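Please keep the sequence and the model in view while reading.

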Amino acid sequence: MTNEATSSKQKDSSSNTLEITDKVRVLCLHGYRQNGDAFKSKLGSFRKHVNKYAEFVFVDAPHKAKPLEEGAEPQADQLSWWFNNDDGSFKGTNKNGPAFGFQESLKLVEQTWKTQGPFQGLLGFSQGACFVGLICGLAKKKLTSIKPEFAILSSGFLSGSLVHKSAYEESVIIPTLHIYGLSDEIIPKEMSQELANLFKNVEVLEHNGGHYFPATSQQKQTYINFFQDRLQEYLENLELQQTSNATFVEDQPQNVMSDEQQEESD
């Protein structure tokens, strides 16, 4: 696919091609001990790569992460989507634990999706990517009001919390881009690969680094290609919806009588 993704809304007077007048909108979920602003800053280069095709909205998790040092005060800028240890902490490699605070976070993201939307996609890093995977699974089973059309999952993994097991019962077919580092020591690549196996329409981007979202020239074209495709699909869906709506209006029965018909009926 080329850069000539088109929209039906505006025509370039200097050529026969249509200009891009829309972008896909993506809701972004940060990692554990991050927040929306910090995540936005870390994705600066990535956003520049795909700014022509996508708009990103960042949201804060509702829970404060447990302090790293015992007895210290929680930091207002270190947040968590949920906790999977009884002591109120979170670790991606934990298995068979709880998911304290998850429902509050899901309600927050559902509300954001509704009030700040429309959105087409989800993007998450680490715990946020795990959350995105859960939302996709819940959406497949119609257990959430969020209906993503695509997702980007960086350093993601399957949740080990027992209450989340049912979210992974069905394969998800929306397009997804899975990004992970081959030397990631926090979320080993095998965990990210296990998450990718939940999806059917998968693109994988490996990098040689660790636990971060890469955005160098090596990854740039992959990101551009992915978002070009998503924008093209979005615009084509808009075109189909407009055509469908127009057809529906044309097919409506004409119950309004003319003045002459009205007089005759009287």
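A residue is called partly exposed when its relative accessible area lies between the buried range, under 20%, and the exposed range, over 50%. The model discussed here is a predicted one.

The side chain of lysine 66 meets that of aspartate 87 in a salt bridge, with 3.2 Å from N to O. Because lysine 66 lies in the loop between strand 3 and strand 4, and aspartate 87 in the loop between strand 4 and helix 3, the pair ties together parts that are 21 residues apart in sequence. Aspartate 87 is likewise partly exposed, at 46% relative accessibility.

## Other salt bridges

The count of salt bridges comes to five, and one of them joins the side chains of arginine 25 and glutamate 55 at 3.4 Å, N to O. Arginine 25 belongs to strand 1 and glutamate 55 to strand 2, so this pair links parts that are 30 residues apart in sequence. Arginine 25 is buried, at 16%, whereas glutamate 55 is partly exposed, at 37%.

Glutamate 190 and lysine 189 also form a salt bridge, their closest N and O atoms being 3.1 Å apart.

## Histidine 178

Histidine 178, which is placed in strand 7, is buried, with a relative accessible area of 2%. Its side chain makes a polar contact of 3.0 Å with the side chain of threonine 176. Beyond its neighbours within four places in sequence, histidine 178 is in contact with several residues, among them Leu153, Phe199 and Glu203.

Conventions. Residues numbered from 1 in each chain as written. Predicted model: local features only at pLDDT ≥ 70, side-chain atom pairs only at ≥ 80, totals over all residues. Heavy atoms only, no water. Helix = DSSP H or I, 4+ residues; strand = E, 2+ residues; numbered from the N terminus. Buried < 20%, exposed > 50% of the residue type's maximum accessible area, 1.4 Å probe, protein only. Polar contact = N/O pair within 3.5 Å; in protein donor to acceptor, adjacent residues only side chain to side chain. Contact = heavy atoms within 4.5 Å. Salt bridge = Lys/Arg side-chain N within 4 Å of Asp/Glu carboxyl O.
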